Amino acid sequence: ASAVSARADTLQAELSSMFNEQAELRAALRHTIERSAVDGAAVEAEAAACRELEQCLEDSGAVCSELAEERRRQILALQEAVQRRKVDLRALEEALEESLDAAEVRTMELH
């Protein structure tokens with residue numbers, strides 16, 4: 001009877017030890033699941049931030065392209081204006097030369 005009682009005590013101690021170990025494992029598992037949920041939320045937050053940054057980069061690229069195109073149009077307009085002014089300047093220079101020639105002729109006629 002005492003051997004049976006000793007065996008029962010041993011089994012009870014082993015069973016108690018297993019229950020304690022299971023409780024520790026459950027706590028560790030619960031902690032891991034909670035940490036995983038927090039990590040998952042952090043990963044999702046980071047992914048959302050990355051998507052937002054990608055959209056900002058795409059928008060910024062579009063703005064830069066629009067600005068570059070606008071600058072190109074402005075440069076072309078300025079180049080055309082310069083060409084028109086050169087033509088105007090040549091016409092004025094020719095008119096001035098003609099005027100000076102006419103004035104020289106009149107001056108000679110007066111002498």
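Me: What is the relative accessible area of Asp88, which counts as partly exposed?
Reply: This is a predicted model, in which local features require pLDDT of at least 70 and side-chain atom pairs count only at pLDDT 80 or more, while totals for chains, interfaces and linings use all residues. Residues are numbered from 1 along each chain as its sequence is written, and side-chain values use heavy atoms, with hydrogens and water left out. Buried means under 20% relative accessible area, exposed over 50%, and partly exposed in between (1.4 Å probe, protein chains only). Asp88 is partly exposed because its relative accessible area is 41%.

Me: How many helices does the protein have?
Reply: Helices (H or I, at least four residues) and strands (E, at least two) are DSSP runs, numbered from the N terminus. The protein has zero strands. Helix α1 covers residues 2-110. The number of helices is one.

Me: What is the radius of gyration of the protein?
Reply: This radius is taken over C-alpha atoms, and the globule rule is 2.2 Å times the number of residues to the power 0.38. A compact globule of 111 residues would have a value near 13 Å. The C-alpha atoms here fill a box of roughly 160 × 15 × 10 Å along the principal axes, and the radius of gyration is 47 Å.

Me: How many disulfides does the structure hold?
Reply: A disulfide is a pair of cysteine sulfur atoms within 2.5 Å. The sulfur of Cys50 has its closest cysteine sulfur in Cys56, and because the two are 12 Å apart they are too far for a bond. Cys50 is partly exposed at 42% relative accessible area, and Cys56 is partly exposed at 42%. The number of disulfides is zero.

Me: Which residue forms a salt bridge with Glu44?
Reply: Side chains of opposite charge can pair when their charged atoms come close. With the closest N and O atoms 3.0 Å apart, the partner of Glu44 is Arg51.

Me: Which residues are linked with Glu69 in a network of salt bridges?
Reply: Glu69 and Arg73 meet in a salt bridge at 3.4 Å, N to O. Four residues apart in helix α1, Glu69 and Arg73 are separated by about one helical turn. The residues linked with Glu69 in the network are Glu70, Arg72 and Arg73.

Terms used: Salt bridge = Lys/Arg side-chain N within 4 Å of Asp/Glu carboxyl O.
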